[in-house]
Amino acid sequence: MSNIYNRLKSLGIELPPVAAPAAAYVPFVQTGNLVFLSGHIAKKDGKPWVGQLGKNVDTATGKLAARAVAIDLLGTLHAAVGDLNRVTRIVKLMSLVNSTGDFTEQHLVTNGCSELLAEVFGDKGTHARAAYGVAQVPLGACVEIDMIAEVSAA
């Protein structure tokens, strides 16, 4: 695969810095070759992307929010490992979609994140995942996603 940073540049993606945790946790933890990234909420213009799917956010907008989360996750993963070319596999995502009780397209919202990871990493970006509908996400964000990645030794 070509250099990951060239791929990001061709997609017009600039990696953001790691956001400071909003509570008592760290942005990432590495154990062995696995890197666990804490949940990242969707942000728009640097602020929480608030809303509830099925109420005031549609599926297409939710998918864009999940894509924005993927970019933030990549920024944190870069900070954790120093070089995204070390990623050997995106292992798993867990997506929490702030949604009404009758909204059933959480999986389609989460595709915004999944599709970008596959676009950036190719086959290494395909992953297992879960997408849940929840009554609320911190700060009223419409989506929160955490990620587990496998990396090669430095």
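## Exercises on a pocket and a salt bridge

The largest pocket holds about 420 Å³ of space. Keep in mind that this is a predicted model. Here are two exercises to work through with the structure open.

**Exercise 1.** Describe the lining of the largest pocket: which residues lie nearest its centre, and which element gives the most to the lining?

*Solution.* 
- Step 1: begin at the middle. Ala19, Tyr25, Gly39, Ile41 and Lys43 lie nearest the centre, out of 20 lining residues.
- Step 2: move on to the elements. Two or more lining residues come from each of β2 (34-41) and α2 (59-81).
- Step 3: find the top contributor. With four residues, β2 gives the most to the lining.
- Step 4: The lining divides into 13 nonpolar residues, four polar ones and three charged ones.

**Exercise 2.** Find out how many salt bridges the whole structure has, and work out which parts are tied together.

*Solution.* 
- Step 1: search the whole structure. One salt bridge turns up.
- Step 2: Glu115 sits in helix α3 (residues 106-121) and Lys63 in helix α2, so the pair ties together parts 52 residues apart in sequence.

Notes: Residues numbered from 1 in each chain as written. Predicted model: local features only at pLDDT ≥ 70, side-chain atom pairs only at ≥ 80, totals over all residues. Heavy atoms only, no water. 1 Å grid on protein atoms, 1.4 Å probe; cavity = no way out; pocket = protein on both sides within 12 Å on 5 of 7 lines; lining within 4 Å. Points joined across faces, edges and corners; volume = space filled by probe spheres on them. Nonpolar A, V, L, I, M, F, W, Y, C, P; charged D, E, K, R; others polar. Salt bridge = Lys/Arg side-chain N within 4 Å of Asp/Glu carboxyl O.
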